[in-house]
Amino acid sequence: MKIMAGNSNLPLARAIASYLELPLTDASVRRFADEEVFVEIHENVRGEDVFVVQSTSFPTNDNLMELLICIDALRRASAKRITAVVPYFGYARQDRKSGSRTPISAKLVANLMTQAGADRVLAVDLHAGQIQGFFDIPTDNLYAAPVMAADIQARYGDQSLMVVSPDVGGVVRARALAKRLDNAPLAIVDKRRDKPGQSEVMNIIGDVKGRACILIDDIIDSGGTLCNAAEALMASGAASVTAYLTHGVLSGAAVARVSNSALKELVITDTIMATEATKESDRIRVLTIAPLIGEAIRRIADESSVSSLFD
Ligand code: R5P
């Protein structure tokens, strides 16, 4: 088995390799003067089971292209099996036609990975589980929930917890986390805009008074969804609001927005490499999911069960 890395999240790739007690494959993934990506693998990979770790996070298109070119280089170097390990799958939110004459970019990205030569895909908390169906190759979707649940039990386990979904679409995810927290009660933030042009009204479904609320979602991007939900929960009498998110996209002024929000703490995982602003924020904490991904890779290589990781 070999672990190769693109440049999008080297700390995570190194942590995964260290969990597996393997060195990273000796390769250079670099740019020509005109910014074209060039990949050169400096060791023999013929007949190897190779896992390429690359999140397609910002800059999304560059990181995606690096992944595709790494896969192409491995295929042409006769690797036996190539698994694209994509902890954060960019473009996942474009998983359906959002209007007439719009693309389904998540499907296009799946096609690109497959055409480049990936034999399998390993992702974490895909925005929508059905994205697995965009691939006609085996796709494992790992869940960060066990890592989050352990952290919540350790830090907030003695409090009166309430798991909250920031929108109706996230209820399944929230329910799965609540189940891991000894069936903690569930609340939902229901966003309504009665008429076009009117501002959105937040209704809280569930009694959050006096509760330590745990907001759960897959992605924080601008921070709008979470910060608004946190404000609405505090206004409804919550004792505190902490947010657990798998993918800290945190674009633009998101870190500042979180720092000025009603959130007590934002906890993200390291599927996306933390920026300096994220590292410096005393409101944001990062949990590593390297052991989870490392263990899944070990099991794929050994052909043992991955799903039992979540039992
Ligand atoms: C939406 O369906 C996602 O689950 C997130 O709620 C959304 O992408 C977060 O975006 P933002 O932080 O910009 O509100």
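1. Let me start with the second largest pocket: helix H2 (60-76) and helix H8 (276-280) each give at least two residues to its lining. Helices here are DSSP runs of H or I with at least four residues, strands are runs of E with at least two, and both are numbered from the N terminus. This pocket has a volume of about 550 Å³. Of its 28 lining residues, Ser57, Phe58, Pro59, Val249 and Ile272 sit nearest the centre. A pocket, on a 1 Å grid over the protein atoms alone, is an open set of points where a 1.4 Å probe fits, with protein on both sides within 12 Å along at least five of seven lines; a cavity is a set the probe cannot get out of, and lining residues have an atom within 4 Å of a point.

2. A quick word on ground rules. This is a predicted model, with local features needing pLDDT of at least 70 and side-chain atom pairs counted only at pLDDT 80 or more, while totals for chains, interfaces and linings use all residues. Residues are numbered from 1 along each chain as its sequence is written, and side-chain values use heavy atoms, leaving out hydrogens and water.

3. Now the layout. The chain splits into domain 1 (2-142 + 291-310) and domain 2 (145-288), with bounds from an automatic or database domain assignment.

4. The largest pocket holds about 780 Å³ of space. It has 36 lining residues, and Leu126, His127, Gly170, Arg173 and Asp218 are the closest to its centre. Helix H4 (145-156), helix H5 (171-180), strand S11 (212-220) and helix H6 (224-235) are the elements giving two or more residues to this lining, with H5 giving the most, at 6 residues. Domain 1 and domain 2 both contribute to the lining, so the largest pocket lies between them too.

5. Compare the linings by class.

6. On packing, the largest nonpolar core has 40 residues, with Leu142, Leu177, Ile293 and Ile297 touching the most other members. Helix H9 (residues 290-302) gives the most to this core, 6 residues, and each domain supplies at least three. A core here is a set of buried Ala, Val, Leu, Ile, Met, Phe, Trp, Tyr and Cys residues joined through side-chain atoms within 4.5 Å, buried being under 20% relative accessible area (1.4 Å probe, protein chains only). Leaving aside residues up to four places away in sequence, Leu177 touches Ala145, Met148, Ala149, Ile152, Val163, Ile214 and Ile216. A second, separate core of 35 residues includes Leu74, Ala106, Ala110 and Ala123.

Technical notes. Grid points are joined across faces, edges and corners, and a volume is the space filled by probe spheres set on the points. Buried means under 20% relative accessible area, exposed over 50%, partly exposed in between (1.4 Å probe, protein chains only). Contact means heavy atoms within 4.5 Å.
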